[in-house]
Amino acid sequence: MRPAHLFSIAEEALSNMLSGLSANQSIVISGESGAGKTFSARSLMEYFVVASSYQDTVGTHSNEKVRDVADKIVKSNPLLEAFGNASTCRNANSSRFGKYIKLQYDRNGQIVSAEMQTYLMEKTRVTYQAAGEGNYHVFYQVVKGASEEERQRWHLPEGAQYRVLPKLKHVPQYGVRTETDAWRETCNALESVGVSKPTVQNIGELLAALLHLGNLDFSQDVSASDSLKYGAELLGLCPDMLLKTISHRQITAGTSLRAGAAHRESFSKPCEAAECAHRRDAIAKLVYASLFDWLVAYINGSLCSLDHDSQSFIGLLDVYGFENFSRNCLEQLCINYANER
């Protein structure tokens, strides 16, 4: 027996929901890395958006509002892929996070809202990539596609090298691209879901700051390095304060009595070069994970702009793929376990 076509599964789920046989539907998309899960999830979302436009337009929502939500759903895909996908040895556009997308329908079968949940983002990739693998697409987009003005403001000269940005072994052939115009497309997609132009520029500053932080080499004195200066500037921090946060550990221990009151002793301890590198990477991972969470929350806010009178929903669970790296992060181990179960 031949496996069901992707759109046949989508049509069955939509038909069951509309007929009332089973109000809510969910589709699980799983498989090994490179099996086509990202493409399948994107195609399913586009199918449901197109199918929604053919439903009865009589209802509480105007066509313009419904089209606006549908348009934002479609445009949210390349955004999530830019910030959450990367090139691996097996897949040039591998999702490095899991997501569950809930498309909410009114009684007329139109998509009136959507909600997205993400989980187990591979934060380690921001600072470490195995041989032949790449960082998240958006970093390449910024380096290759920033305008001359942006390059000067973010201190990203042409041809500069960044430790956390290895050369890609596999270049994405579909979906999110990393060519020179891809950053501009990502900026346009951000603005299409409601992100203001100043905020888009702030996002670029954060990405550039992480590239500069990645170039800090603690085997030598970094106090006067351009990487520290530019990274701190783009993060809105004082270079000395940033360096002290990275290179010194604050220790609070013991309790002493002073003037009849308990007092905890606190002191600062310099870190070894290896520990400084770990602390630098921890900051980078925290900043990028926070940026990604903010982006997902912002997209959700733009997709939930209509009144909540949805009657049912169709959910899409995209479990990112099984991988066996030479060095597996905790998130990948959890995903491998989930796939094997």
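Q: Why are helices α1 and α2 called oblique to each other?
A: The two helices, α1 (residues 6–19) and α2 (residues 37–53), pack at an angle of about 45 degrees, with their axes 10 Å apart. Axes are lines fitted to C-alpha atoms, for helices over the stretch in contact, and angles run from 0 to 180 degrees between N-to-C directions. Angles under 35 degrees count as roughly parallel, over 145 as roughly antiparallel, 65 to 115 as roughly perpendicular and the rest as oblique. The pair α1 and α2 is therefore oblique.

Q: What kind of model is this, and how are its residues numbered?
A: This is a predicted model, in which local features need pLDDT of at least 70 and side-chain atom pairs count only at pLDDT 80 or more, while totals for chains, interfaces and linings use all residues. Residues are numbered from 1 along each chain as its sequence is written, and side-chain values use heavy atoms, with hydrogens and water left out.

Q: What makes up the contact of α1 with α2, and which hand does the crossing have?
A: L6, F7, A10, E11 and L14 in α1 meet S40, S43, L44, Y47, F48 and A51 in α2, where contact means heavy atoms within 4.5 Å. By class, these residues are eight nonpolar, two polar and one charged. Ala, Val, Leu, Ile, Met, Phe, Trp, Tyr, Cys and Pro count as nonpolar, Asp, Glu, Lys and Arg as charged, and the others, Gly among them, as polar. The crossing is right-handed; a crossing is left-handed if the near helix is turned anticlockwise from the far one by less than a right angle, and right-handed if clockwise.

Q: How do you know what the orientation of α7 to α10 is?
A: The axes of α7 (residues 197–214) and α10 (residues 273–303) come within 10 Å and cross at roughly 160 degrees. That angle places α7 and α10 in the roughly antiparallel class. Their crossing is left-handed.

Q: Which residues form the contact of α7 with α10?
A: From α7, T199, I203, L206, L207, L210, L213 and G214 take part, and they meet R280, I283, A284, V287, Y288, L291 and W294 of α10. The contact has 11 nonpolar, two polar and one charged residues.

Q: How many helices and strands does the protein chain have?
A: There are 11 helices and eight strands. Helices (H or I, at least four residues) and strands (E, at least two) are DSSP runs, numbered from the N terminus.

Q: Why is L243 called buried?
A: Buried means under 20% relative accessible area, exposed over 50%, and partly exposed in between (1.4 Å probe, protein chains only). L243, in helix α9, has a relative accessible area of 15% and is therefore buried. The C-alpha atoms of L243 and V222 are separated by 8.4 Å, although the two are 21 residues apart along the chain.

Q: What makes the buried residues of α9 line one face of the helix?
A: In α9 (residues 239–247), L242, L243, I246 and S247 are buried. Viewed down the helix axis, they fall within an arc of 115 degrees, so they line one face; the arc is that of the directions from the helix axis to the C-beta atoms. D240 and M241, on the other side of α9, are exposed.

Q: Is Y100 buried or exposed, and how do you know?
A: Y100, in strand β4 (residues 98–105), has a relative accessible area of 18% and therefore counts as buried. Its contacts beyond four places in sequence include S26, E115, M116, F313 and L317. Y100 and M116 are 16 residues apart along the chain, with their C-alpha atoms separated by 5.8 Å.

Q: Why is V28 called exposed?
A: V28 is in strand β1 (residues 25–29). Its relative accessibility is 56%, so V28 counts as exposed.

Q: Why is K167 called exposed?
A: K167, in the loop between α5 and α6, has 78% relative accessibility and is therefore exposed. K167 and N135 are 32 residues apart in sequence and 9.3 Å apart in space, C-alpha to C-alpha.
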